[in-house]
Amino acid sequence: MEIRSVKYRIGKNYGFKALVTLFAFACVIPLLFILFFILKQGITKINWHFLVNVPKPVGELGGGIANALVGSILIIFFSSLIAIPIGVLAGIYLSENRKSRLAYWSRLCVDILQGVPSIVIGIVAYFWIVKPLGGFSAISGSIALAIMMLPIVVRSTEETLKLLPSSLQEAAFALGMPFHRVIFKVVLPVGISGILSGVMLSIARITGETAPLLFTAFGNPYLSFNIGKPMQSLPLLIFNYATSPYDDWKDLAWGASLVLLLWVLLLNIFTKLITRKWKVQL
Amino acid sequence: MESTIIKSRNFNASFGSNHVVKNVNIDIPRNKVIAVMGPSGCGKTTYLRCINRMHELIPGATSSGEMTINDENIYQMHPIFVRLKIGMVFQRPNPFPNLSIYDNVIAGYKLNGIRLPKAERDRVVEHSLTRVALWNEVKDSLTKKGSFLSGGQQQRLCIARAVAMEPEVLLFDEPTSALDPISTSTVEELFHELKTNYTLIIVTHNMQQAARVSDKTAFFYLGELVEYDETKIMFTAPKDSRTQNYITGRFS
């Protein structure tokens, strides 16, 4: 009896371990399928010509996604320009003043902002920026995406700095350093890997955002460098071309999907490398 | 005749409503080693941190009363000047982990944006490391990170960093409590060396250490300065019964 009940428990134990392992493995499957599918559909479309040309009208062969690539890079560049300084500085405040009332409310708002659906941010940006300015523009898209980046940058900065030992700052203050120098010369350099990884992840996050751009950057079939005018971006191109009835436009969308996917993957890998390389051993 | 460098009159410090340093009056003589001892939570570290105004960096911390250096009120000076005059070494060695050994020593200048010619920097680094008996150990690895050193070496590096600023007073907050016995005795030997140029105030809860290294000893208990006298007298003929009880180990 005794031995049988123990054996039953050992069996149950194995069963549970197998179940946990199975589901851990199951989590890998969606990504593998997506990768495989997009690769299969997109790999034949991608070549140099695809990257440096703009889309051709229906019926003409060839054409590429240069306008969307340039647009995505420009829009993200300006979003980063807005969101990174604000986010990092706000994160510094939150980690320095953990218990202040402002920190409490600021943290709460940032957390809620993170949960606001991107389409809502798009609509708000449309009414607040696009309409007053009188038309769609890349910069309004940048602002909408910056709002989406902000919470990730703020919280990752805060979490990174919180983990730094207080002895680090004390050492700096005891040498007679003023607050801004303590932050810029000691705290930020030591926490740089964590802050950068947050920034990179936030960029990876907004790279694929479509909804806010529908109302703001709008899209543009031609190559444009003017951030005051509508501009194409990768997710917008995919949205517009994949829903078109033409096969060569759909192909273009598949190619663009693969480029977008590779971009995000590379950003993630790059983030891991940076985190490891620039990590300061405490 | 010894001259007084740090003077406290009716000095109080609190964290919010928690009154941790009560009405402390003390005269600290120049170029001596002063030990501040007492049981945990007696306010000795808080008092020390009031001397270079590190106490006020903690949210909710307040202080009152008079604290002077060379008869100048510390609480009317800018804290940055106070901290340049009064260096500090902490309980745990805390070299800047992102800086080399060389840059750690010069950190007070480099990170404060004070530019020195290269030759002068080299001189300060060599001189400071020599003062803390670390130069021979690290002179070939000055470009390595400070965190690559052993705990005792790191602590001496931190002392060198404080010494490099040429302060008048050096505060030590239980400087050896995170070190092994050999490193501890190396650091203790340093105190004798350093007092020729600086006034040293050392917080310790190790009575033997206080007896070994200091000229004068202050005994704190429950936030009050119970007794302050020549170390020899403190450990042989204390006047207050609480001091007596503490040094004979009746409470700790």
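Among the contacts in chain B between residues at least 6 apart in sequence, 70% join residues at least 24 apart, two residues being in contact if their C-beta atoms, placed from the backbone, lie within 7 Å. The model is predicted, so that local features need pLDDT of at least 70 and side-chain atom pairs count only at pLDDT 80 or more, whereas totals for chains, interfaces and linings use all residues. Residues are numbered from 1 along each chain as its sequence is written, and chains are lettered from A and ligands numbered from 1 in the order in which they are written.

The secondary structure of chain B comprises 11 helices and 10 strands, taken as DSSP runs numbered from the N terminus (helices: H or I, at least four residues; strands: E, at least two). The radius of gyration of chain B, taken over C-alpha atoms, is 18 Å, close to the 18 Å given by the globule rule for 252 residues (2.2 Å times the number of residues to the power 0.38), so chain B is as compact as a globular protein of that length. Its C-alpha trace spans about 55 × 40 × 40 Å along the principal axes.

Between the chains, 21 residues of chain B are in contact with 20 residues of chain A. On the chain B side, the elements that give two or more residues are α2 (79–85), β6 (86–89) and α4 (107–110), with α2(B) giving the most, three residues.

In chain A, the buried residues of helix α11 (residues 234–242) include L234(A), L237(A) and Y241(A), a residue being buried if 20 or more other C-beta atoms, placed from the backbone, lie within 10 Å of its own. The buried residues of α11(A) pack against α4 (66–96), α10 (211–214) and α12 (247–277) of chain A.

Methods:
A residue is buried if 20 or more other C-beta atoms lie within 10 Å of its own, exposed if 12 or fewer, and partly exposed in between; C-beta atoms are placed from the backbone.
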